[in-house]
Amino acid sequence: MPNVDREYRKVSILIPVYNERYLVATLIERVLKAPIPNGYEREIIIVDDCSNDGTDKILKAFSEQNPEIRLFTQPVNKGKGASIQKAISEATGNIIIFQDSDLEYDPDEYLNLLQPILEGHADVVYGSRFLAGKSRRVLYFRHALGNRFLTFVSNLFTDLNLTDMETCYKVFRAELLKSIPIRSKRFGLEPEITAKISKRGFRIYEVPISYHGRTYQEGKKITWKDGLNALFVILRYWLIDDVYSTQHGDMLYALSGTHRFNRWMASEVSRYIGNSVIEIGSGIGNMALQLLPRDRYVCSDIDPLNLHALRSLFSNRPNVEVRYLDISTETNSFSEQDKFDTVLCLNVLEHIKNDTLALKNISELLLPKGRAIILVPNAPSLFSTLDAALNHVKRYSKNDLQDLLSNASFDIERIWFFNRISTPGWIWNGKILKRRYFSRIQLKVFDSLVWLWRCIDPYLPWPGQSLIVVGRKSSQQSSEKKFSESHIAPAI
């Protein structure tokens, strides 16, 4: 076993159960004995989906005898997906493993499943029955064909190259799994999770597992109807961007898909950006991808999920660094190695209550005569339900932004409106319809026509949706600081 990442300390094994009185005791005994990394706790979360064959009594006896087991009971039969949702909400481990309650999958293979996550390579691991495992029971050809077909269709829509999407064995970094909403109540769970982790850009690995399938006479429950439903689930979550457990996260994800618009925004500011850059509030890396390569590019954020996405995205780029940075706090202190020729702050300042302090910190990050490039939403009169949904504290006028930078000792190099074309749409959706989300169709149409908007935007007669300002760190400020430091009285 490799040296494990010390970030992880507990493995949560989630077991949904329904009417498995003849097999579940043996399965639980195997799970209790299954190898896990040294120094780790084991947590077994069992959700009884309202079994009516005596399974509940067996589970209760095990939970009373084993402190590692936490038992929950559904009041009515809701399905595998609903049981998994309950188990995820109760899990307290750093890593989560899905385990079926029958004997088709072997818990002795947990170490192999955990290895890619513990080595830092993966966020999600699938155990594949179709890779070369130790052994595989030979059973239904048409059932295997159906599994391969569903995997093929799922791959077609997700652009993954999985060999076994329908596998039970799935292992996750817990904080990432908990950030994904799960809607499926039955066996649609598998294609739904696969679609969502694909959209979120998680690092997915497969490892071979052995498989001891059972017949329908032995208790197999999944049927052709579930396969048909899986096709609808694949299509549904290809069309719907329901990938974050918060509306704010889903809105930011939807905006990240407007690639042409992001390129347009990047082209507006790229001429002012140097080769030593720190980006404040990088999100999931949309702008960084547009502005690289640079000699040094630091992506920063305060959201752990965004930081994880950034580290995954740029793990193989030595010139890109990812770090936590809260630009709104008093405690920031920056060394000389933390000075940059450019600070990029796009769609961030409007989220911060103390924007004066944020500008002070931005100034501290800059080398003498370095540039701060800031983009904020324009016009306080346009504040709407969409701003509230995006957690905006305020919108800015041109005078507000100029005064803010001047008070922070920046010389204004240029200030201009950006994205006039979307101002009417913002008013319609946010001020008139009072919406709190962006329509995916609207965003797709808007993004597909960016080539046209770029041509006509400068000639539209109303102000833009956004303001962009380029400010240079005042040379006077730098000289004053040097003067004050040189006149500090020596210690006695």
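# Asking how we know

Guide: Let's begin with Pro377, which is buried at a relative accessible area of 4%. Keep in mind that this is a predicted model.

Visitor: What makes the buried residues of α15 line one face of the helix?

Guide: In α15, residues 398-407, the buried residues are Leu401, Leu404 and Leu405. Look down the axis of α15 and they fall within an arc of 90 degrees, so they line one face. Residues three or four places apart in an α-helix point the same way, because there are 3.6 residues a turn.

Visitor: What is exposed on the other side of α15?

Guide: Asn399 and Asn407 are exposed there. The buried residues, meanwhile, pack against α13 (355-365), β12, β13 (410-418) and β14 (466-473). After α15 comes Ser409, with a positive phi near 65 degrees.

Visitor: On to the rings. How many aromatic pairs are there?

Guide: The structure holds eleven aromatic pairs. One of them is Phe157 with Trp238, an edge-to-face pair.

Visitor: Why is the Phe157 and Trp238 pair called edge-to-face?

Guide: Two values settle that. Rings pair if their centres lie within 6.5 Å, and planes over 60 degrees apart count as edge-to-face. Here the centres are 5.2 Å apart and the planes are at 70 degrees, so the pair is edge-to-face. Phe157 lies in α5 (141-158) and Trp238 in α8 (224-239), so the pair ties together parts 81 residues apart in sequence.

Visitor: What makes Phe261 and Trp264 an edge-to-face pair?

Guide: Their ring centres are 5.9 Å apart and their planes are at 90 degrees, so that pair is edge-to-face. Both lie in α10 (259-269), three residues apart, about one turn of the helix. Phe261 is buried, and Trp264 is as well.

Visitor: How do you know that the charged end of Arg200 sits over the ring of Tyr244?

Guide: The distance cut-off is 6 Å from CZ of Arg to the ring centre, and the direction must be within 35 degrees of the ring normal. The charged end of Arg200 is 3.9 Å from the centre of the Tyr244 ring and sits over it. Likewise, Arg414 lies over the face of Trp416, at 3.7 Å from the ring centre.

Visitor: Which residues have the most contacts inside the largest nonpolar core?

Guide: That core has 33 residues, and those with the most contacts inside it are Ile15, Ile28, Ile44, Ile46, Tyr110, Leu113 and Val171. Elements giving two or more residues to the core include β1 (10-17), α1 (24-33) and β2 (41-48). As for Val171, its contacts beyond four places in sequence include Ile95, Leu113 and Val125.

Visitor: Where does pLDDT stay under 50?

Guide: Over residues 478-492, where the model has three contacts beyond four places in sequence. The chain averages a pLDDT of 87, and 88% of the residues score at least 70.

Definitions and conventions:
Residues are numbered from 1 along each chain as its sequence is written. This is a predicted model: local features need pLDDT of at least 70, side-chain atom pairs count only at pLDDT 80 or more; totals for chains, interfaces and linings use all residues. Side-chain values use heavy atoms; hydrogens and water are left out. Buried means under 20% relative accessible area, exposed over 50%, partly exposed in between (1.4 Å probe, protein chains only). Helices (H or I, at least four residues) and strands (E, at least two) are DSSP runs, numbered from the N terminus. The arc is that of the directions from the helix axis to the C-beta atoms. Contact means heavy atoms within 4.5 Å. Rings of Phe, Tyr and Trp (its six-membered ring) pair if their centres lie within 6.5 Å; planes under 30 degrees apart count as stacked, over 60 as edge-to-face and the rest as tilted. A nonpolar core is a set of buried Ala, Val, Leu, Ile, Met, Phe, Trp, Tyr and Cys residues joined through side-chain atoms within 4.5 Å. pLDDT is the predictor's confidence in each residue, from 0 to 100.
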